[in-house]
Amino acid sequence: MLITRLYALVAIAPLVSSLPSVPSIMNKLKSIASRDDGCVYPLTYKITSLQVWTPTNGNSHPIVLDFQYDDDATHISTSCHYDGTQPNAGPEGFDPRYACEDPAVQFMWIQKTSMLSMIELVCPKNGKSDIEALDLFPPRLSCVDTTSNTPFGEGSQCFSLDFAVLRNFTTIDPVEPGPGGPPGK
Ligand SMILES: *[C@@H]1O[C@H](CO)[C@@H](O)[C@H](O)[C@H]1NC(C)=O
């Protein structure tokens, strides 16, 4: 189940807060970019229309998540959706992540802490990259309970309190081998 597997991700949350500051990441990204003519690196992004439905204990319906993702610098504008039917877009042995319509953008929802983790491939070629930019944040949500006679059953339907959430990426990582990872590894 998504929820169980996502719990493991919670362990990385304390690490994220101690990651290097944005300027040092920008320097790293700029050095990557300088190796690659015309490569525009992801630094900031925008989330809009975020809504997430989560089941109560005992309701086995998967989480349902929707939002719009925009990165003006890399000209990515894509919608992101999860309802339990999407394949894991990440490497085996890691917490599952899911691709947006543009597979250069992936996400994880950490149920335990209500946090959204965003991932954008850095300068992908043919949909593959060696490096990805990451961020993790808790959206400000307003929630209402849903009952057993609603489409997904008993749970909580939450909407972002912010019309748009503007974020900076907080780290870059090598991409592990997997569907979105480096080819041939
Ligand atoms: C993103 O980075 C810019 C420039 O360093 C800063 O002014 C802004 O407050 C940051 N935004 C967030 C959400 O951290």
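Visitor: Is Arg 140 buried, partly exposed or exposed, and what is the relative accessible area behind that label?

Guide: Happy to start there, and please keep in mind that this is a predicted model. Partly exposed covers what lies between under 20% (buried) and over 50% (exposed). Arg 140 is therefore partly exposed, with a relative accessible area of 49%.

Visitor: Which residue forms a salt bridge with Arg 140?

Guide: Side chains of opposite charge can pair when their charged atoms come close. For Arg 140, the closest N and O atoms of the pair are 2.9 Å apart, within the 4 Å cut-off. The partner in this salt bridge is Asp 162.

Visitor: How many residues apart are Arg 140 and Asp 162, and where do they sit?

Guide: Arg 140 is in the loop between strand 7 and strand 8 (141-146). Asp 162 is in the loop between strand 9 (155-160) and strand 10. The pair links distant parts of the chain, 22 residues apart.

Visitor: Which residue forms a salt bridge with Asp 135?

Guide: A salt bridge here needs a Lys or Arg nitrogen within 4 Å of a carboxyl oxygen. The closest N and O atoms of this pair are 2.8 Å apart, and the partner of Asp 135 is Arg 167.

Visitor: Why does that pair tie together separate parts of the chain?

Guide: Asp 135 lies in strand 7 and Arg 167 in strand 10 (residues 164-168), so the parts they join are 32 residues apart in sequence.
As for cover, Asp 135 counts as buried at 2% relative accessibility, whereas Arg 167, at 25%, counts as partly exposed. The separation you asked about is 32 residues.

Visitor: What joins Arg 97 and Glu 132, and how many residues apart are they?

Guide: Their side chains meet in a salt bridge of 3.0 Å, N to O. Arg 97 lies in the loop between strand 3 (76-82) and strand 4 (98-99), and Glu 132 in strand 7 (residues 131-137), so the pair ties together parts 35 residues apart in sequence.

Visitor: Are Arg 97 and Glu 132 buried or exposed?

Guide: Buried means under 20% relative accessible area. By that cut-off, both Arg 97 and Glu 132 are buried.

Definitions and conventions:
Residues numbered from 1 in each chain as written. Predicted model: local features only at pLDDT ≥ 70, side-chain atom pairs only at ≥ 80, totals over all residues. Heavy atoms only, no water. Helix = DSSP H or I, 4+ residues; strand = E, 2+ residues; numbered from the N terminus. Buried < 20%, exposed > 50% of the residue type's maximum accessible area, 1.4 Å probe, protein only.
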